[in-house]
Amino acid sequence: MEREVFIIGIFIWKLKELMKPLYLFFFLFPLAGALSLGSLLEEKEKELAIPVAVVDEDGSDYARTIIDGLKKQERLRVMELSYGEAERQLARNELDTVFVIKERFHERLLAGERESLVELKTSSVSMASGIVKEVFASETAKLTSAIHAATRVEGLYGEKGMEEPEIWEESYQYTLSQWDPEPLMTVDYETANPG
């Protein structure tokens, strides 16, 4: 019993010694420094988002859907620019990639066309264009699959002689909703630590 009291007494004495201001300084200073540095690095990581521009020559709801989807991507900093401004910033290497959503984009999507709907331009120093292309392709795939599904459902209703005026829009919205909260297809990427 005496031994246990002695050990507890040593523990309490050591604890009092650790509470001296000098020891607290050596313990709290590195802790505060690490927390500050972590916060600073987190802020800088947000600034390291890949700069991307979108030029919307179509102005349709479908183009807006793709742009909004891109803006939700944490690792992308998406700007909507005019064609001329996007070209200037790309030439100065201020942008990694420029996507030009061409006129009649929505009409051509509805017609089932998939070629030459979007023009892609990358910076000569781009290191992330592959990732950015995949993210854009996934947003486009989400939209095209919704359009295809809605068209198919409308066709099936037509074959059965059932007239539902809102079926295309309902099917389209339902298919888009299937991507929330977790998309069916994703690209998992992370920023490499430079240096």
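Visitor: Which side chains meet in a salt bridge with Glu 85?

Guide: First, a word on the model: it is predicted, so local features need pLDDT of at least 70 and side-chain atom pairs count only at pLDDT 80 or more, while totals for chains, interfaces and linings use all residues. Residues are numbered from 1 along each chain as its sequence is written, and side-chain values use heavy atoms, with hydrogens and water left out. Now the general idea: side chains of opposite charge can pair when their charged atoms come close. A salt bridge here is a side-chain nitrogen of Lys or Arg within 4 Å of a carboxyl oxygen of Asp or Glu. Glu 85 pairs with Arg 88, at 3.2 Å from N to O.

Visitor: How many residues apart are Glu 85 and Arg 88 in helix 4?

Guide: They are 3 residues apart in helix 4 (residues 83-91), so about one helical turn separates them. Helices (H or I, at least four residues) and strands (E, at least two) are DSSP runs, numbered from the N terminus.

Visitor: Which residue forms a salt bridge with Glu 87?

Guide: That's Lys 121, with the closest N and O atoms 2.7 Å apart. Lys 121 sits in strand 4 (residues 118-122) and Glu 87 in helix 4, so this pair ties together parts 34 residues apart in sequence. In total, the structure holds 9 salt bridges. Arg 64, Asp 68, Lys 71 and Glu 80 are even linked in a network of them.

Visitor: What about the nonpolar side chains?

Guide: In soluble globular proteins, they tend to be buried together. A nonpolar core is a set of buried Ala, Val, Leu, Ile, Met, Phe, Trp, Tyr and Cys residues joined through side-chain atoms within 4.5 Å. Buried means under 20% relative accessible area, exposed over 50%, and partly exposed in between (1.4 Å probe, protein chains only). The largest core here has 26 residues, and Leu 76 is one of those touching the most other members. Helix 6 gives the most to this core, with 7 residues.

Visitor: Which residues does Leu 76 touch?

Guide: Leaving out residues up to four places away in sequence, Leu 76 touches Ala 49, Ile 50, Val 52, Leu 70, Val 132 and Val 135. Contact means heavy atoms within 4.5 Å.

Visitor: Is Phe 11 buried or exposed?

Guide: Phe 11 is exposed, with a relative accessible area of 57%. You'll find Phe 11 in helix 1 (residues 2-18).
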